[in-house]
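Okay, thanks for coming, everyone. Let me put the structure up, and then I'll walk you through it.

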Amino acid sequence: MIAGLVLAAGEGRRFGGGKQLAELDGRPLLEHALEASERAGLEHRFVVLGAGADRIEATVEKHGHEVVLCPDWDEGMAASLRAGVKAARAAGASAILITLGDQPRVTTAAIKRILAARDSAGKAVRASYAGKPGHPTLLEDSLFDTLLALSGDEGARGVFDPAFTKLVPCDDVADPTDVDVADDLVALTGQASSTPPVPPATDDGSRMR
């Protein structure tokens, strides 16, 4: 079983706070990531909340995601990951599929492409954009202990070894833009919905290990 993790625990200080609830296309920013995860058909889905969790939980449609609270969210990305991994492990997950709550144009199609690229030889699958790794990211349970030992704001970047990480180009099905500041949200306003029709997942041989 692959568990979906949407990480959304941060304060959004550069944005001015409350980023998860900022409106994009008529609904809260976070809801775009939650809907994309739901449409991918993941059996267990979690959203990790921290700063402003009560207000977010009361406002945002969770699309079947179980809320995981991260009390030490101000430590950085590693704390969110640890909270999500613990929840996924407790649910019996054999892998996790990570997306970020502030990347509203990372689509269901991209998630499905990453899921389809999973194989028995690797420990991780990552989306890439213009050759650079990004999200969604799939991590096997053999990496859970390493993830639980992370600290600070680096997130999982130090976990990925090129020897066991497959990069899957997703430029044609998703936009990895992070909403970090208000201008980022303005730039995304008016673009296509975050959940376009999902093309069939195929392996065209262009994926890199």
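Before anything else, one term: buried means under 20% relative accessible area, exposed means over 50%, and partly exposed is in between, using a 1.4 Å probe and protein chains only. Helices (H or I, at least four residues) and strands (E, at least two) are DSSP runs, numbered from the N terminus. What we're looking at is a predicted model, where local features need pLDDT of at least 70, side-chain atom pairs count only at pLDDT 80 or more, and totals for chains, interfaces and linings use all residues. Residues are numbered from 1 along each chain as its sequence is written, and side-chain values use heavy atoms, with hydrogens and water left out.

So, let's start with β8. Seven of the nine residues in this strand are buried, and that makes β8 mostly covered. Now the pairing, where two strands pair if DSSP finds at least two bridges between them. β8 runs antiparallel to β6, with four bridges joining them; Ala95, for instance, has Glu140 in β8 as its bridge partner. β8 also runs antiparallel to β7, this time with six bridges, and there Ala127 is partnered with Gly134 of β8.

Okay, on to the helix I'd like you to find next, α3. It covers residues 77-90. α3 has 14 residues and reaches 20 Å from its first C-alpha to its last, close to the 20 Å expected at 1.5 Å a residue. That expected span is 1.5 Å times one less than the number of residues. How much of α3 is buried? It's 10 of the 14 residues, so the helix is largely enclosed by the rest of the structure. And what does the covering? The list includes β1 (2-8), β4 (44-49), β5, β6 and α5 (144-148). Just after the helix, Gly92 takes a positive phi of about 90°.

Let's zoom in on one residue of α3, Ser80. Ser80 counts as buried, at 5% relative accessibility. By contact I mean heavy atoms within 4.5 Å. Setting aside neighbours within four places in sequence, Ser80 touches Leu7, Ala9, Val48 and Cys70.

Now for the inside of the thing. As a general point, nonpolar side chains in soluble globular proteins tend to be buried together. A nonpolar core here is a set of buried Ala, Val, Leu, Ile, Met, Phe, Trp, Tyr and Cys residues joined through side-chain atoms within 4.5 Å. The largest one has 28 residues, and those with the most contacts inside it are Val48, Ile96, Ile98, Leu139 and Leu147. β1, β4, α3, β6 and α5 each supply at least two of its residues, and α3 gives the most, with seven. Take Leu139: leaving out neighbours within four places in sequence, its contacts include Ile96, Ile98, Phe144, Leu147 and Phe160. There's also a second, separate core of 20 residues, and that one includes Ile111, Val125, Ala127 and Cys170.

Which helix holds Ile111? That would be α4 (residues 108-116), where Thr108, Ala109, Ala110, Ile111, Arg113 and Ile114 are buried. Among the elements covering those buried residues are α1 (29-39), β7 (124-129) and β9 (165-169).

Last topic: charges. A salt bridge is a side-chain nitrogen of Lys or Arg within 4 Å of a carboxyl oxygen of Asp or Glu. How many salt bridges does the structure hold? There are 11. One of them joins Arg105 to Asp25, with the closest N and O atoms 2.9 Å apart. Arg105 sits in the loop between β6 and α4, and Asp25 in the loop between β2 (23-24) and β3 (27-28), so the pair ties together parts that are 80 residues apart in sequence. Arg105 is buried at 4% relative accessibility, whereas Asp25 is partly exposed at 38%.

Arg82 forms a salt bridge with Asp72, with 3.0 Å between the closest N and O atoms. Arg82 also meets Glu75 in a salt bridge, at 2.7 Å from N to O. Both partners are partly exposed: Asp72 at 31%, and Glu75 at 29%. And finally, Arg27, Glu31 and Glu35 are linked in a salt-bridge network. That's my tour, thanks!
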